[in-house]
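Please look through the sequence and the model below before reading on.

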Amino acid sequence: MPRPSSSDKKYLELNHGRWRVTIAVPRPLQAKLGTRLKRELKTDSLAIANQLKWQVISELKAEIEHARIGQGTTPVRGESLMQEALLIAAQRNRSQSHDEDQLLEYAVDLRREELRGEPIRITQDEGHDAEPVYHPHRLATAETYRSLAMGEATPIGLHHGQFITQGGLKPRTQGDDLRAVKFLLAWCREKRVPATLEAITRKVAVRFLDDLPGVAGGQSNTTLKKYVLRLSRYWQWLQGREIVDADVWAKLKLPAVAKGPEERSFTDAEVARLLAGQTTQQMHDLMRLAALTGARLDVIVDLKVRDCADGLVTFKPQKKEPKPRSVPVHSDLAEIISRRCEGKEPEDSVFPEWPAPKANSLRERSFKASNAFTTYRRKVGVDEVVAGKRRSLVNFHSFRRWFITKAEQADQSGNIIAAVVGHKRQGMTLGRYSAGPLIEQARRCVEAVTLPTASGVVPTGVMLRS
């Protein structure tokens, strides 16, 4: 904690005789948040303001970060009491003496009495002392205030912004994190469960899990599992900082549901139809790269010229891949790679037709490319929709499945295929100690996959016109 001098005015300004915190908003977010965020400290003492400001600065920075990743929420005036309580809790954490603790607790108790107000009546049962009865809403506000100020109740989302910013997460995962907490908070409101970390016990977590399909609007079990996993990761992060005692979500499982038809590989006929259809040059190039590398859509769209060198394409790591992965360029892709890199700088995009999203977007770069492919795929009649499934059983990922299938049918080693497509390889020798297959082994695997030669498929090296 910084220890400012009594004259330090950094992040502070006077407003009608009282100090407040002020912090600049980055230019890209000013349309949403304004040029500066400000919050009153309700004190005319510069020394006290310097003690209180750091927690507020942290919260305002977290607010800016939430806006940057797509969920900017500005506290309303009704929340000011709770913010005040959190400031006191932060001050208690910084306290260095028993006397200071007692003074803060005394101040909290005075504030609690002020908030609950005068009794609305006095009750007295025979044989018992008279008992004051307070207005239920004012009493609840007073007790919540005291719990927050004394560190006995921590809002679920208080540390969530910090968790997200420190996690190095992809935008899509950040979105899952925000939705998971949003669903938990909505459920707490509906079930009248205090929206605090202390209130989410293992038993409460199980109740939430049972209700999650309804809270999340009937999403698939796979998606619901992601939300539970993200809550678990948040709790693990909190546990590591001794904010909670345990991960209450650990090993919780959603009820099993009957599995419907699973997404599948394209057939050769479907690949032939897709490659022969009338579409843009970039779509034809994109499909061929997917079909002859087995790479995911996002890593292809995100390629830079520097990633295509020495007969290799180097894809950024995805999922649980620990590092970038190089794949030999298939002979049928050489012309595409050469054409797309010609005359460009190393940091230029191989697919500039699909630029990176705005800085505060939760969408991946491949979002528009995915939509364009879906529209084209449906146009040429490559589709398989079943009741109860949001997505078609065939989609861009089906190229990856097709590549793996064709490599297996060409008698390529499963471990070599796994290395080429970035799957975890089986066995200790290859899985832990091997540095990976030789490039020539990987090249043989890649070249074993050939595009369908059905009538009408345009040769890979021929320029196409939309």
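**Charged pairs and loop residues**

The side chains of R339 and D285 meet in a salt bridge, with 2.9 Å from N to O. R339 belongs to helix α13 (residues 334–341) and D285 to helix α11 (residues 281–293), so this pair ties together parts that lie 54 residues apart in sequence. A salt bridge here is a side-chain nitrogen of Lys or Arg within 4 Å of a carboxyl oxygen of Asp or Glu, while helices (H or I, at least four residues) and strands (E, at least two) are DSSP runs numbered from the N terminus.

This is a predicted model, in which local features need pLDDT of at least 70 and side-chain atom pairs count only at pLDDT 80 or more, whereas totals for chains, interfaces and linings use all residues. Residues are numbered from 1 along each chain as its sequence is written, and side-chain values use heavy atoms, with hydrogens and water left out.

D285 also forms a salt bridge with R340, the closest N and O atoms being 2.9 Å apart. This pair, too, links distant parts of the chain, since R340 sits in helix α13 and D285 in helix α11, 55 residues apart. How accessible is D285? Its relative accessibility is 1%, and D285 therefore counts as buried, a word that stands for under 20% relative accessible area, with exposed meaning over 50% and partly exposed in between (1.4 Å probe, protein chains only). R340 is buried as well as D285.

R339 has a salt bridge with E335 as well, and here the closest N and O atoms are 2.7 Å apart. Both R339 and E335 lie in helix α13, four residues apart, which is about one turn of the helix. E335 counts as partly exposed because its relative accessibility is 27%. Through salt bridges that share partners, D285, E335, R339, R340 and E353 are joined into one network. The structure as a whole holds 29 salt bridges.

Where does K251 lie? K251 is found in the loop between α9 (221–240) and α10 (268–276), and its phi is near 65°, a positive value in a residue other than glycine. With a relative accessible area of 80%, K251 is exposed. D310, which is not a glycine either, has a positive phi of about 60°, and D310 is located in the loop between β6 (308–309) and β7 (312–315). At 77% relative accessibility, D310 counts as exposed.
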